[in-house]
Amino acid sequence: MSGPRLVFLGTPSVACPFLETLASAGFGVAGVIAQPDRPVGRGMKMCCPPVKNSALALDLPVFQPASGAELRAAVAELKPDLGVVVAYGRLIKKEVLALPSLGFINLHFSLLPKYRGAAPVQWTLLNGEKETGVTVFRLDEGMDTGPVVASARTPVDPAEDAPALFARLTELGRGLLVSAVRDIAEGRASPVPQAGEPSQAPKIKPALSFLSPSMTVAEAFNRVRGLACGPRARFVTPGGLTVQVTRASRPAGTPAGGTPGSVVRVEAGRGFFVRFSDGSLFFEELKPEGRKAVGAADFLNGARLGPGDALLAAPPAGEGLEK
C-alpha cells in the first residue's frame, strides 16, 4: 500500500466502484463508513447498504454510525490522513472534517456549483442539460460548497437516461478521484473557489413523477429519462389507474394531431404514441400499479384502448408540476 491513509464514506451502489477503485489503486483504505442498515420493502426486512457489502468483500472494517457523535468516534478511531466521500447521504460537521490531517474530499456528479444536492444527475436530465460532468471538491460545512480540486466535463446524449448517465459519470469520475487523491497526498493540489451561478438538486419528491397532458414532449421525455432510477415517471388514466412509464423514446417523424393526453397511433408489438401539448411521445414499456412491466402495445390491448382514446388524465391535485 502507498499514499495517504484513507477513510471512505459512501452508502448506495453508485459509490461502490469508487471504493473498489481506491482499494485497487493501492491506497491504504483504513476503513469504510456507511449509513446504518434500514428496513426495506413491504416486509420491512433489514437491509445493509451496498457499500457495506463491497467493503466486506474487500476485507475492510465497516462502521455504520447512527449519530454525529458516533461518526466522529469512528473517524477518530481510524486515524485517516484523508477522508473520501461519495454519496454518503449525510452532512459532515466541522469537528469531524477537522480530524484527518488532509481534510475531506467529495466526488459529486455535476459541474459544481450547478446542481448542488442529493439528485444532480436526475435534475441534469429533468432540465434537459446538454453538458454535465463530475467534480472533486474539498468538503466544508455547506451543501456541496467547498473549493474545487478537479473536474471533468462530458456531453449529455439527448436520449440518455439516468442509469446510463450515472454509469458514464462513474467511469469518468474513477480516474479523476484517484488523480485527486494522489495530487493532495503529494502537495500538488490547488483547490479553487467554485465559480458560476449555483443551482440546487434536491431529493426528488414523488409528486414530481406525474406526467400531465399539458406538458411539452421534451418535458415529458426528460421526466421519463431523468426519473428512470426512481421514482419513475407515471401517469393516471381517466379511470384512476396509476401507470409507470419504464421506457419511452422520441423517434423522428412522430404523428401529428390528437388531443393532449390521447393515444395518437399504435404500432403493433412496439408501442404507441401519446399526444402532449406540442407533439407525440412514443411509449414502449409500461408498469401498471402493483403489476409487472409489460409492452406498451400489450397494455393498450388489455385496457381496450386505441387511437383517439384518452389515456392521460390531469395529475392529482398538487402533483405533477412543482419543482
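In which helix do E171 and R174 both lie, and how many residues apart are they? Both belong to helix 6, residues 162-185, and they are three residues apart, about one turn of the helix. This is a predicted model, and in it E171 forms a salt bridge with R174, with 2.9 Å between the closest N and O atoms. E171 is exposed, with a relative accessible area of 52%, while R174 is partly exposed at 27%.

The structure holds eleven salt bridges. Side chains of opposite charge can pair when their charged atoms come close. Another of these contacts joins D183 to R188, where the closest N and O atoms are 2.6 Å apart. D183 has a relative accessible area of 25% and is partly exposed; R188, at 48%, is also partly exposed. Together with E186, D183 and R188 are linked in a network of salt bridges.

A further salt bridge is formed by R153 and E131, the closest N and O atoms being 2.8 Å apart. R153 lies in strand 9 and E131 in strand 8, so the pair ties together parts that are 22 residues apart in sequence. R153 counts as exposed because its relative accessibility is 58%, over the 50% that marks an exposed residue. E131, with 42%, counts as partly exposed.

Strand 8 (131-138) and strand 9 (148-155) each supply at least two residues of its lining. By class, the lining comprises seven nonpolar, six polar and four charged residues.

The largest pocket contains about 1,100 Å³ of space. Among its 35 lining residues, P12, A87, Y88, G89 and A118 are the closest to the centre. Strand 6 (82-86), strand 7 (104-108) and helix 5 (120-126) each give at least two residues to this lining, and strand 7 gives the most, with three. The lining of the largest pocket divides into 20 nonpolar, ten polar and five charged residues.

Next comes strand 14 and its partners. Strand 14 covers residues 279-288, and eight of its ten residues are buried, so the strand is largely enclosed by the rest of the structure. Strand 11 (residues 242-249) runs antiparallel to strand 14 and is joined to it by six bridges; here V245 stands opposite L286. Strand 13 (residues 271-276) is also antiparallel to strand 14, with five bridges between them, and R275 stands opposite S280. Strands 13 and 14 form a hairpin with two residues between them.

Strand 14 also pairs with strand 15 (residues 294-295), in the antiparallel sense and over two bridges. In this pairing L286 stands opposite V294. Strands 14 and 15 form a hairpin with five residues between them, and G290 in the turn has a positive phi of about 80 degrees.

Helix 2 (residues 50-57) shows how burial is arranged around a helix axis. V51, K52, S54 and A55 are buried in helix 2. Seen down the axis, the buried residues of helix 2 fall within an arc of 160 degrees, so they line one face of the helix. The face turned away from that buried side carries the exposed residues L56 and A57. Helix 2 is followed by D59, whose phi is positive, near 60 degrees.

Technical notes
Residues numbered from 1 in each chain as written. Predicted model: local features only at pLDDT ≥ 70, side-chain atom pairs only at ≥ 80, totals over all residues. Heavy atoms only, no water. Buried < 20%, exposed > 50% of the residue type's maximum accessible area, 1.4 Å probe, protein only. Helix = DSSP H or I, 4+ residues; strand = E, 2+ residues; numbered from the N terminus. Arc of directions from axis to C-beta. 1 Å grid on protein atoms, 1.4 Å probe; cavity = no way out; pocket = protein on both sides within 12 Å on 5 of 7 lines; lining within 4 Å. Points joined across faces, edges and corners; volume = space filled by probe spheres on them. Nonpolar A, V, L, I, M, F, W, Y, C, P; charged D, E, K, R; others polar. Pairing = 2+ DSSP bridges. Salt bridge = Lys/Arg side-chain N within 4 Å of Asp/Glu carboxyl O.
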